[in-house]
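Here is a quick tour of one protein model, going from the overall numbers to the core, the rings and a few strands. Have a look at the structure first.

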Amino acid sequence: MSVFKFPWKKQKEASEERYILSIDGGGIRGIVPAVLLSAMNDYLRSKGDMRPLYSHFDLIAGTSTGALLALGLAMKEVNVRKEEGGECAVTRHVRTGLFSHADVTDGYIERTADPACFKTLYTENARKIFSSRNRLFGSVFTDKYDSSSLEKFLIGTFGEVKLSDAMVPVMVVSYDSIGGKGEILSSYNSWKDTGAATAARASAAAPLYFPPLYTVTPQGKEAALLDGGVMANNPALLAYEEARKLYPSCTVFHILSLSTARGIYRFNPKEALNGVAGWAEPVMKIYPNAQMDLVDQVLSSLSDVRYTRISGIVTKEKIKLDDTREESMKILAEGGKKMYEDNREAIEAYLDRLALRSDFSQVKLKPFSAYLEKK
């Protein structure tokens, strides 16, 4: 049987619209967006859309714990159970004659990790990741944890796959303290040959908790990569900037931004001491809070952006990024469900748009010829 190879022809819509998924940082609080992702996937399936969740997005972005989830969605080979279901054909309706048309299969969208399993990445591994404490001097002269357990977990999850192996464009955020600038490690830029495990490690190097990732940039310069939250705990604005480069013809960017349910920090200076004694702790919380607010304000004001921010308070209890108590993880999981319910209308309106997509040119397709060879 002859195999005809049809060139990819992008299916034009009335206006070119692109969809971005952005996931915040927050350590163990990543359980919240993990639950959201599972619920989102369930909703699409309930509507008859059996395509993998990752394939609906033109760019997936994450910071710190969000980087773990972003890479978990985008990478083909992840040590997580694959989603059930067969491959999804991508077809075009083309003219074959003056009055005749035919469906042409360009390739198949492959299954990757099941979003329903992402929560277990936390519940089954969190205690191991946050276990190797540096006890000699506490956290005064050294980081709270060494990085060995985190690195072992990431290698066990992602193996040797590189960022360039991602099924759709993916980016994670880090900050180079030696270079004094942010770094976007992505599947399409100069960092693309970096291992997914290394990229996740760089984005999750939270100061005081884990040491930096010392490495060399693709340009040959020494770098000390810190947690992306130093620069953008909510990476949505950076993702928008990257998407504009990837899709210069796009007229509307639909951004779905998932928080880790971090509360808004409020501080009244009248109720505290002045100077270092009064401001040492508050100022460390005010800066990231202000940064997050800035992202929301800017994206909400841009004419070519439709920004859907999913956030909320899931508990009045303070749950730190390394809180691995069983009751805390349970609270976060239940909080993720509550956040979905509280934001159901906005989330499902966004998902309904995803279900209408017909252009999957951003996805790495399994060739039709490879499918025929199995027959």
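## The big picture

Of the 375 residues in the protein, 51% are buried, where buried means under 20% relative accessible area, exposed over 50% and partly exposed in between (1.4 Å probe, protein chains only). The accessible surface comes to about 18,400 Å², and carbon and sulfur atoms hold 54% of that; the areas come from the Shrake-Rupley method with a 1.4 Å probe, and for residues only the protein chains shown count as cover.

Bear in mind that this is a predicted model: local features need pLDDT of at least 70, side-chain atom pairs count only at pLDDT 80 or more, and totals for chains, interfaces and linings use all residues. Residues are numbered from 1 along each chain as its sequence is written, and side-chain values use heavy atoms, with hydrogens and water left out.

The secondary structure runs to twelve helices and eleven strands, taken as DSSP runs numbered from the N terminus (helices H or I, at least four residues; strands E, at least two). Among contacts with a separation of 6 or more, 76% are between residues 24 or more positions apart; a contact here is heavy atoms within 4.5 Å.

The largest nonpolar core holds 80 residues, and Leu21, Leu37, Met40, Phe57, Ile60 and Phe158 have the most contacts inside it. Such a core is a set of buried Ala, Val, Leu, Ile, Met, Phe, Trp, Tyr and Cys residues joined through side-chain atoms within 4.5 Å. Helix α1 (residues 31-46) supplies the largest share, nine residues.

What does Met40 touch, leaving aside residues up to four places away in sequence? Its partners are Leu53, Phe57, Leu256, Leu258, Tyr340, Ile347 and Leu351. There is also a second, separate core of 20 residues, which includes Ile184, Leu238, Val295 and Leu299.

## Ring pairs

The whole structure has six aromatic pairs, counting rings of Phe, Tyr and Trp (its six-membered ring) with centres within 6.5 Å; planes under 30 degrees apart are stacked, over 60 edge-to-face and the rest tilted. Phe57 and Tyr350 are a stacked pair, because their ring centres are 6.5 Å apart and their planes sit at 20 degrees. That pair bridges distant parts of the chain, 293 residues apart: Phe57 is in the loop between α1 and β2 (59-63), Tyr350 in helix α11 (residues 344-355).

Phe130 and Tyr145 go edge-to-face instead, 5.4 Å centre to centre with 65 degrees between the planes. Phe130 is buried at 13% relative accessible area, and Tyr145 is buried at 0%.

## Enclosed elements

Helix α6 (residues 196-203) has seven of its eight residues buried, so the rest of the structure largely encloses it. Those buried residues include Arg201 and Ser203.

Strand β8 (residues 222-227) is largely enclosed too, because five of its six residues are buried. Strand β5 (residues 170-176) runs antiparallel to β8 over three bridges, with Tyr175 opposite Leu226; pairing takes at least two DSSP bridges. Strand β7 (residues 213-216) also pairs antiparallel with β8, through four bridges, and Val216 is the bridge partner of Glu222. β7 and β8 make a hairpin with five residues between them, and Gly220 in the turn has a positive phi of about 85 degrees.
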